[in-house]
Amino acid sequence: MSNILAIVPAAEYLFMTRFASDDDTRYYLEGVAIQPTPKAGAYLVATNGHAMGVMRLEGDQAMALYAGFILSADKTIRAAVKCGKREQAWIICRHDRADIVRLGAAMSPTMDDVATAPVSLSIPAATAYIDGTFPDWRRVLPPPITGKREGQHGTGAEYCAAVRPDLLARFQREDKPVSFDWNGVDAMMIDNGDERFIGVVMPHNNGRTMADIAARREHVILSAAPETAAETAAETVAA
């Protein structure tokens, strides 16, 4: 495995591309950062500067052997790794290319199994990787929680409908409920039901105050006519 930078499951990569930027002036955010965990697994991190997703996959789920790099969210890669219910795809990141391999959906492959599987497609490094420095995502996370955190707790649906209706679908996965936790000052933490994942809404996108969230929720959810609710929510965000 001397030529391998990382091995990541395509399904998790695709989910994380939801948070990547599409702003060419911030090209270093147009992909998924892959960094090693202390236990030889992989962190997958992506952000557009407003919302961020962080996923931690341990050594039986992914592998990262390099200090850190950015796997592009280019549509060529996203299209190449999509697959049906009867198969699973993996991305093997090598120094000079990214290899896509496909295995049966019922398999529970080891990293060695994936590394030695037949390659279905190779994507050159110029397309697969972004030459840039990904920001220090750990600086955005709130301080560790000790005891009960004072602040706002609720469903992601309530928050997103009131303040950022565009964010709910981005965090949601497999129809699991989404909830948020916010101390009123730091970044808002989003829980989508996947214990490996944590979502973040940056502080300047949280809303002005917790009272403001409640007021906006009242206005959007309770006051808007059904046929204009989505339009009102968009106007609220723009304001």
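Let's start with the cysteines: the count of disulfides (pairs of cysteine sulfur atoms within 2.5 Å) comes to zero. Cys-83 is partly exposed at 34% relative accessibility, while Cys-93 is buried at 0%. Here buried means under 20% relative accessible area, exposed means over 50%, and partly exposed is in between, using a 1.4 Å probe and protein chains only.

Keep in mind that this is a predicted model, where local features need pLDDT of at least 70, side-chain atom pairs count only at pLDDT 80 or more, and totals for chains, interfaces and linings use all residues. Residues are numbered from 1 along each chain as its sequence is written, and side-chain values use heavy atoms, with hydrogens and water left out.

Now for the charged pairs. Searching the whole structure turns up nine salt bridges, each being a side-chain nitrogen of Lys or Arg within 4 Å of a carboxyl oxygen of Asp or Glu. Among them are these:

| Salt bridge | Closest N to O |
|---|---|
| Arg-173 and Glu-12 | 2.9 Å |
| Arg-56 and Glu-58 | 2.6 Å |

Glu-12 sits in helix H1 (residues 10-16) and Arg-173 in the loop between helix H6 (168-171) and strand S12 (179-182), so their bridge ties together parts 161 residues apart in sequence. Helices (H or I, at least four residues) and strands (E, at least two) are DSSP runs, numbered from the N terminus. Arg-173 and Glu-12 are both buried, with Glu-12 at 10% relative accessibility.

Arg-196, in the loop between strand S13 (188-191) and strand S14 (197-201), is 184 residues from Glu-12; Arg-196 is partly exposed at 24%. Glu-12, Arg-173, Asp-194 and Arg-196 are linked in a salt-bridge network.

As for the remaining pair in the table, Arg-56 is partly exposed at 30%, and Glu-58 is partly exposed at 23%.
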